[in-house]
Amino acid sequence: MKKLIYIFWTALMITSCYAFKSGLTISANQTFILGEFNNKNYSAELINRSELSIGFKTVDKKSGSVTQSFELEPKGKTKVFINKDEVAYFTNENEAAVKIDVILSKGVQGMRYVFNK
């Protein structure tokens, strides 16, 4: 019985520590939008693999107000917490593509690219 409990807890710990990692390339003058259809809070570790800065902001889905905003510097790394009522925007205003690693704590629904205005 103890062995069965140990196996169960080990399996639970392994599955609960699972993260979703994605290499993201944002073309010049484009924005990547993440979480438009998401309904759960999550965290994201952002690692800029490029020599260029990238803009990051979160926007409240209902009011449209900006809740977080910063520039992720070249080779920079940070962790952000995103509420279920927010959408994340990665804005590349450079003339070259930017590469970012994004490690999500959960699967996030709703993502797309748009051209900058």
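Reader: Which residue stands opposite Thr58 in S7?

Author: In this predicted model, where local features need pLDDT of at least 70, side-chain atom pairs count only at pLDDT 80 or more, and totals for chains, interfaces and linings use all residues, it is Ala88 that stands opposite Thr58. Residues are numbered from 1 along each chain as its sequence is written, and side-chain values use heavy atoms, with hydrogens and water left out.

Reader: How many bridges join strand S4 and S7?

Author: Strands are DSSP runs (E, at least two residues), numbered from the N terminus, and two of them pair if DSSP finds at least two bridges between them. Strand S4 (residues 54-60) pairs with S7 over 6 bridges, in the antiparallel sense.

Reader: In what order do the strands of the open sheet run?

Author: The order is S5-S4-S7-S2-S9, 5 strands with antiparallel pairing. Strand S5 (66-72) and strand S9 (111-115) are the edge strands, each pairing on one side only.

Reader: Where does Asn94 lie, and which residues is Asn94 in contact with, leaving aside its neighbours within four places in sequence?

Author: Asn94 lies in the loop that runs between strand S7 (86-92) and strand S8 (98-104). Contact means heavy atoms within 4.5 Å, and with those sequence neighbours set aside, Asn94 is in contact with Ala28, Asn29, Leu52 and Ser53. The side chain of Asn94 also reaches the backbone oxygen of Ser53, at 2.8 Å.

Reader: What share of the residues counts as buried?

Author: Buried means under 20% relative accessible area, taken with a 1.4 Å probe and protein chains only; of the 117 residues of the protein, 33% count as buried.

Technical notes: Helices (H or I, at least four residues) and strands (E, at least two) are DSSP runs, numbered from the N terminus. A polar contact is a pair of N or O atoms within 3.5 Å; within protein, one must be able to donate a hydrogen and the other to accept it, and residues adjacent in sequence count only if both atoms are side-chain atoms. Buried means under 20% relative accessible area, exposed over 50%, partly exposed in between (1.4 Å probe, protein chains only).
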